[in-house]
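Please read the following report alongside the sequence and the model.

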Amino acid sequence: MIVEYLDKEYVADFWQDRITHPNSVSVRVPGSTANLGPGFDTLAVALRIYLKLTLTLLPHDDNRIPLVTTLDANQEHLGIAASNFVSKILKEHVKLEPQMLERIRVFIQSEIPIERGLGSSAAVTVGTLWAAAKLNSQIAKSSQLLTQAAIIEGHADNAAASLLGGLATVVNSGNEQTVVANKLAWPEKWEAILVIPARQVPTAEARRLLPNNIPYKDAIYNLQHTALLLAAVQQQSEELMRQALHDQLHEKYRSQLVPELNELKKQLDGGPALGCVLSGAGSSILVLAHINKKKEIIEQIELWRSSQSTSSDLLALGIDQAGLKELHGGHLP
């Protein structure tokens with residue numbers, strides 16, 4: 001549904017009134033960066049960049065209120081894309097009575113860039129599933145929610161990080177019918193610097209580049225480096241982390257969509273950065289940095305950016321350790 005210009009004030013007033021309504025549930029969901037090099041479809045870290053989602057139940061259907069509303073003019077494209085996406089989640093993955101489904105409306109306000117490998121769709125998925133369960137007086141169990149998210153997303157790494165916070169590890173168990181996730185605390189001294197090219201990279205397009213079969217040695221390489229990465233986090237070892245952030249399963253295939261990746265790796269090689277990897281499927285590039293070295297690393301990246309013919313944004317973020325949070329009165333408790 002497209003909201004006419006004269007309806008916008010009505011819609012804005014509606015959400016202003018509904019944010020604290022007893023028939024509304026509001027959540028804040030962090031974005032995320034997945035894979036971290038070797039942990040393909042297994043590891044993700046929650047980032048301090050957020051999506052706010054409110055799901056409300058109308059007393060009766062009101063066609064002046066679209067299913068999904070984004071009030072930020074710069075996010076109108078998100079409203080169109082999210083409307084179809086959220087509609088599918090609610091109709092196919094949430095157990096609601098038909099009359100209840102007709103009266104549900106969703107408000108989304110997001111800081112997370114779309115199709116940049118920062119978990120935007122996973123944040124929408126997790127927020128919608130969690131809020132719908134709460135609105136329906138149900139308790140959203142992590143394993144059940146993440147299993148649903150894996151069906152919707154095709155993988156659960158980003159969703160697990162958004163839900164749990166910190167470093168999330170995921171595995172499919174029970175004949176791959178159930179997702180089991182675990183959270184590890186991420187070292188506070190390690191932060192994320194994201195280089196975000198102007199172009200989008202749809203996850204489906206990035207996945208099409210991956211081969212159906214991989215060499216045995218590449219699988220072993222990634223298993224070893226994933227294990228090393230987990231040890232680096234638990235021991236907060238910079239030396240181990242520098243050795244761990246390498247991949248043979250996906251980056252070499254996807255780099256044709258993100259040529260900046262190899263260029264930036266060369267720029268940062270031998271410097272203070274802990275590592276430089278593709279963020280999820282791209283197009284964003286993740287550079288991990290010790291907080292005391294962040295300024296120096298950003299200067300290196302800015303020098304590289306000044307030599308590029310294509311534009312990109314730079315975003316320095318801490319790691320979200322809390323995951324999804326329910327909002328009360330529009331604010332965290």
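## Overall architecture

The chain has 12 helices and 11 strands, where helices (H or I, at least four residues) and strands (E, at least two) are DSSP runs, numbered from the N terminus. Its radius of gyration is 20 Å, close to the 20 Å that the globule rule gives for 333 residues, so the chain is as compact as a globular protein of that length; the radius is taken over C-alpha atoms, and the rule is 2.2 Å times the number of residues to the power 0.38. Along its principal axes the C-alpha trace spans about 60 × 50 × 40 Å.

This is a predicted model, in which local features need pLDDT of at least 70 and side-chain atom pairs count only at pLDDT 80 or more, while totals for chains, interfaces and linings use all residues. Residues are numbered from 1 along each chain as its sequence is written, and side-chain values use heavy atoms, with hydrogens and water left out.

## Burial, contacts and surface

Of the 333 residues of the chain, 52% count as buried, a class that means under 20% relative accessible area, as against exposed at over 50% and partly exposed in between (1.4 Å probe, protein chains only). Among contacts (heavy atoms within 4.5 Å) between residues at least 6 apart in sequence, 76% join residues at least 24 apart.

The accessible surface of the chain comes to about 15800 Å², of which 49% belongs to carbon and sulfur atoms; such areas come from the Shrake-Rupley method with a 1.4 Å probe, and for residues only the protein chains shown count as cover. The mean positions of the 30 positive and 35 negative charges are 4 Å apart. In that count Lys and Arg are positive and Asp and Glu negative, with His and the chain ends not counted, and each charge is placed at NZ of Lys, CZ of Arg, CG of Asp or CD of Glu.

## A covered helix and its surroundings

Helix H6, made up of residues 157-164, is mostly covered, with eight of its eight residues buried; among them are Asp157, Asn158, Ser162 and Leu164. The cover over these buried residues includes strands E1 (24-34), E2 (43-57), E5 (167-173) and E6 (178-184), together with helices H4 (120-135) and H5 (142-153). After H6 comes Gly165, whose phi is positive, near 80°.

Within helix H5 lies Ile152, which touches Phe85, Ile89, His93, Thr125 and Leu129, not counting residues up to four places away in sequence. The C-alpha atoms of Ile152 and Ala181 are separated by 17 Å, and the two residues are 29 residues apart along the chain.

## Salt bridges

Side chains of opposite charge can pair when their charged atoms come close. A salt bridge is here a side-chain nitrogen of Lys or Arg within 4 Å of a carboxyl oxygen of Asp or Glu, and by this rule the count comes to 12. One of them joins the side chains of Lys134 and Glu326 at 2.7 Å, N to O. That pair links distant parts of the chain, with Lys134 in helix H4 and Glu326 in strand E11 (residues 325-327), 192 residues apart. Lys134 is partly exposed, with a relative accessible area of 37%.

Two further bridges lie within helices. Arg242 pairs with Glu238, the closest N and O atoms being 3.8 Å apart; because they are four residues apart in helix H9 (residues 238-244), about one helical turn separates them. Glu302 and Arg305 meet at 2.8 Å, N to O, and, being three residues apart in helix H12 (residues 294-306), they too are separated by about one helical turn. Glu302 is partly exposed at 35% relative accessible area, and Arg305 is partly exposed at 22%. Elsewhere, salt bridges that share partners join Lys217, Asp218 and Lys252 into one network.

## Loops and backbone geometry

Ser237 sits in the loop between helix H8 (216-235) and H9 and counts as buried at 16% relative accessibility. Leaving aside neighbours within four places in sequence, Ser237 is in contact with Trp190 and Ala232.

The peptide bond from Gly282 to Ser283 is cis, with omega near 10°, and Ser283 is in the loop between strand E8 (275-278) and strand E9 (285-290). Asp41 has a positive phi of about 60° although it is not a glycine; Asp41 lies in the loop between E1 and E2 and is partly exposed at 24% relative accessibility. Ser137, in the loop between H4 and H5, likewise has a positive phi, near 60°, and Ser137 is exposed, with a relative accessible area of 71%.
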